[in-house]
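Please walk me through this protein at the level of individual residues, taking the surface, the helices, the backbone and the charged pairs in turn.

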Amino acid sequence: MSAKAISEAKGKDLLNKFLKEEAVKNRVAPVDENICWDVLVQDHPWLQTEKLVVKPDQLIKRRGKLGLIKAGCDLAGVQEWLKSKLGKEFQVGAACGRLKNFVIEPFVKHEQKEEFYTCIYSGRHCDTILFHHEGGVEIGDVDAKALKLEVPINAELAAEEVQSKLLLHVPTAVKSQLTKFILSLYGVFKDLFFTYLEVNPLVVTEGKIYILDLAAKLDQCAEYLCKTKWGDVEFPPPFGRDALPEEAYIADLDAKSGASLKLTILNKKGRIWTMVAGGGASVIYADTICDLGGASELANYGEYSGAPSEQQTYEYAKTVLGLMTQEKHEKGKVLIIGGGIANFTNVAATFKGIVKALREFQQQLVEHNASIYVRRAGPNYQEGLRVMRELGNTLGVPINVYGPETHMTAIVSMALGKKELPPTPKPLKTTANFLITAGMQSPGPSRHGSVSDFGKASDSSSRTSVSSEMFVNGEAEENPRSLFTSKTKAIIWGMQQRAVQGMLDFDYSCSRKAPSVVAMIYPFTGDHKQKFYWGHKEILVPVYKSMSDCMKKHRDADVLVSFASLRSAYESTLETMNYPQIRTIAIIAEGIPENLTRHLIKVANEKNVNIIGPATVGGVKPGCFKIGNTGGMLDNILASKLYRAGSVAYVSRSGGMSNELNNIMALNTNGVYEGVAIGGDRYPASTFMDHILRYQDEPDIKMIVLLGEVGGTEEYDIVTAIKEKRITKPLVAWCIGTCAKMFTSEVQFGHAGACANAETETAIAKNTALRAAGAHVPRSFDELGSVIKQVYNNLVADGSIVPAPEQAPPTVPMDFSWARELGIIRKPASFLTSICDERGHELLYAGIPITDIFKEDMGIGGVLSLLWFQRRLPKYATKFIEMCLMVTADHGPAVSGAHNTIVCARAGKDLVSCLASGLLTIGDRFGGALDAAAKQFGEAYDCGLIPMEFVNTMRKEGKLIMGIGHRVKSINNPDMRVVILKDYVKKNFPSTPLLDYAIQVEKITTSKKPNLILNVDGFIGVATVDMLNNCGCFTPEEAREFVEIGALNGLFVLGRSMGFIDLFSQTNVDTCSKSDESGHIIVNVTTDSDRSSDTTLTGITLQPAISESPLKLSNK
């Protein structure tokens, strides 16, 4: 989420630092259950000399009215008062929690008339400042009483406005002082990315301003921009819900992952537990459980989404199951493993993680009389459901498994005993069986081509265009307000090959005449071309480093789909809007700071650019265009009939739920005409109304579906539009989050905007208002499909919709990698090899007799210290050098240097040639990043850049951070070589400042993507610099010189040479003899004579250039 509350102590600390001299500095002494009064008094001597105020600091509102403030007493009085409060249970409304954090402050003597109220909060189009001349406990309804001043985005606040609009009832004597304070406070509000800042009371007495009570929220997404100013910030949980260790563990996993992992424990003794995929789906499952009477038994709220790995899902599931099996329930436990239809998450991979955890907890689940209900769909869901069904046969716990043919929340009714278990439904057609369906169009002749080829009439004439019969009333002229058409051309920002291929497959299945993707932008490489498939053909899509070059060469592109990271999305979107040809931008990134998003909205409105997102999967217009991963894999595209237009348009916040809506429309209507997920952030760039008004003006759209949610007030604009007859088409609407009022403490749901700040923002209030205005509102999400079907049938009955006969789409071949993932095909290995970890010896001398070297057992590290550094290094340093050689000696045959060595050996070249071939591949992308990493990190550290500034600087300069990133390893699957070295260095080096700096950088990069770890090259680079700088053997100039001359890369060259020599000796080809009758080539491999006779060859697969036949190896 974005807006998160901070403690009063932290808020005042920030104001102390940045409010300058406009208010008296706050003095705050924190108190918790581990308080040591002597230490506290020593740190805050004023506690013994001044009158004091003490109050809890746990996000509790109206503390004064609750009797939770003690004012005007001395330290003894504070201690006495805390005896009855500290560590005790306390009831605040429906929430019951323990009072465990207090603050003590100096008591400010003043009169009631000297108390004021002020509050600043951010909105979509402006910041609002409230001020009232009477503050304190009895202020009452400030929204009705306070004067209001709205400051537009990027506008400067003027002193004249403050005085004329806010300070009308303020005594003249303090008006000037309060004006300066408000101006300064608003400046801090903007600079530090506050989203809410309330001071009550604000006291002006004896010519000074005091901030007595403070409530504040920060935009958590702005941490990468404000880390230097904020310092360390903790976001405490709401009062009444203590953060459990398990919640903290999942939060830590979430921070280290590019996926989203959330867990909130509502009732540890609850009977109903959930593991739900997707932010929107998680809210809907909680709603349905509460609607069916399970609110008091709902144990947790949470989600896993964003394509978590099998290991991450295993950790998440293990945590939930550990909590679930702590206490028994007389009725047994229920586990609901649910979710919508995923867009890009590999369902099988996540389910394998869940299955692993379920097996570990088999005994506990049996003892707790658990039953499990599963419903899921999306990429590779067939394999996931199969694995889950097989588990049910052996687990000893009933597991009921359903796919997309079953309504998403139907399993809730089954789990709570409200509905009988249905017979196993007939599966929908899926990836594995749609390929050879009769009636599908046959592919044209295969050939290679380029995107530019599709501009030629001769090439496109053979393609089958979309028949008018596929549309409800024939293909009408394109609406000028349409975002997408069958001729839309898009540019993709980011190297997202999978998403691009998905878009091209969608285009092909829609019988488009040309691909929708015409180019890609990726500023981190030079201009080149990427290969993709267009049906059976291979085409090349140009990739540009410069956006300017891309726009000049593709002036017909009017859509940009941005996969830029949250740190890059703002600047790249601003740059995009400088090109008038771009009419629509989709921003996929989640976590863009709200102030930046609001500025994008302002600029987009000024330039008449449509933005979908941020934090969205995108949208789809069947038969025309889809954004990125919207709609999921091709099997779901076909099952949901997204290859041709229907009559129903929808708009949703949730990207995951948009795919579920596609399925609901396909099952209950003639399909989707257009669907957009506007994004889950508080301020999506486009609103529900923007799209619904487009739908209203589109003749071929006959009915509209809205999936709103708790939080915000945008749904009331739709209520007004219905009442004013601006919206006249049938509208089916449902707002998710109806369960929010049933929780005793505030729960932040999966989306940043899914949190009600007023009664009108609740889902129940919105549904009531929509129903009263005339929208078709079901009683629950469970009934949404039924209501949609009823409205659709009515439109068919009155002739508004005339269903058209179906036409089969063209056959789209399956990618090899995905077919292998599904287990449909297998590929034999070309050849097999085994790599041993061998170490060689080198003749050593360096001013010390060789006999002394052996006598003193200096080892290789000692010898290298003499040869390379011309001095004898401490024992821990030489040991470190040896460890570096050991861990870099080999890393398998699949890396570029090893591959070159193998290929040269197969070609019959000698050892030196093979070794040189491998060594020549060493560079920044393979092994040679030691020097570059040492230089980059060292320069940043020496310049005083904090890690966040270093990362931001490298990104702005378009440079990769050397030593960061790994293809396979990640923060959750660490490289054991780095783990071993890190343990040794931390235990033995006298100081590691540069390594500590690099580890902080790693924390930032892995929060973006879990495989952006400090790899072995980077670790050796920074650790060696620490060794040179802190071992006492070098001057700073000498240490710097060794880095400059490339001595660090020498460690990798020397270490990996051992591995390359080993590859040469093991893969030396004797002969390449005859083929057998199956066409396989028999290759005889000779192993070294001193190896054991039972040497086996196992390992990697390579495809030789000389033949497409797989190679069989016989071991001699």
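Between which two helices does the loop that holds Ile 824 lie? In this predicted model, Ile 824 sits in the loop that runs from helix 26 (816-821) to helix 27 (850-855). With a relative accessible area of 43%, Ile 824 is partly exposed, and together with Phe 816 and Ile 825 it makes up a nonpolar patch on the surface, the three residues having about 240 Å² of accessible area together.

Spanning residues 497-509, helix 16 has 13 residues and reaches 18 Å from its first C-alpha to its last, which is close to the 18 Å expected at 1.5 Å a residue. Just after the helix, the backbone at Ser 511 adopts a positive phi of about 65 degrees.

Helix 10 can be read through one of its residues. Gly 322 belongs to helix 10 (residues 310-324) and counts as partly exposed, at 22% relative accessibility. Although Gly 322 and Gln 364 are 42 residues apart along the chain, their C-alpha atoms are separated by 9.1 Å.

A cis peptide bond, with omega of about 5 degrees, joins Asn 200 to Pro 201, and Pro 201 is found in strand 11 (residues 194-205). Another cis peptide bond runs from Gly 613 to Pro 614, with omega near 0 degrees, but here the proline is placed in the loop between strand 27 (610-612) and strand 28 (619-621). Positive phi values occur at residues that are not glycine: Phe 193 has a phi of about 55 degrees and lies in the loop between helix 6 (172-191) and strand 11, where it is buried, with a relative accessible area of 11%. Lys 641, whose phi is likewise positive and near 55 degrees, lies in the loop between helix 20 (634-639) and strand 30 (648-652) and counts as partly exposed at 24% relative accessibility.

Turning to the charged side chains, the count comes to 37 salt bridges. One of these pairs Lys 83 with Glu 80, their closest N and O atoms being 3.4 Å apart; the two residues are three apart in helix 3 (residues 75-83) and are therefore separated by about one helical turn. Lys 83 itself counts as exposed, at 57% relative accessibility.

Glu 674 and Arg 694 form a salt bridge in which the closest N and O atoms are 2.7 Å apart. Because Glu 674 lies in strand 31 (residues 672-677) and Arg 694 in helix 22 (residues 688-697), the pair ties together parts that are 20 residues apart in sequence, and both residues are buried.

A further salt bridge joins Glu 715 and Lys 766, with the closest N and O atoms 2.8 Å apart. This pair links distant parts of the chain, since Glu 715 is in helix 23 (residues 714-723) and Lys 766 in helix 24, 51 residues away. Both partners are covered: Glu 715 is buried with a relative accessible area of 2%, and Lys 766 counts as buried at 1% relative accessibility. Elsewhere, salt bridges that share partners join Glu 8, Lys 12, Lys 55, Arg 63, Glu 105 and Asp 213 into one network.

Conventions. Residues numbered from 1 in each chain as written. Predicted model: local features only at pLDDT ≥ 70, side-chain atom pairs only at ≥ 80, totals over all residues. Heavy atoms only, no water. Patch = residues over 30% accessible without salt bridge, like charges linked within 9 Å, V, L, I, M, F, W, Y side chains within 5 Å. Areas by Shrake-Rupley, 256 points an atom, 1.4 Å probe, with all protein chains shown as cover. Salt bridge = Lys/Arg side-chain N within 4 Å of Asp/Glu carboxyl O. Helix = DSSP H or I, 4+ residues; strand = E, 2+ residues; numbered from the N terminus. Buried < 20%, exposed > 50% of the residue type's maximum accessible area, 1.4 Å probe, protein only. Expected span 1.5 Å × (residues − 1).
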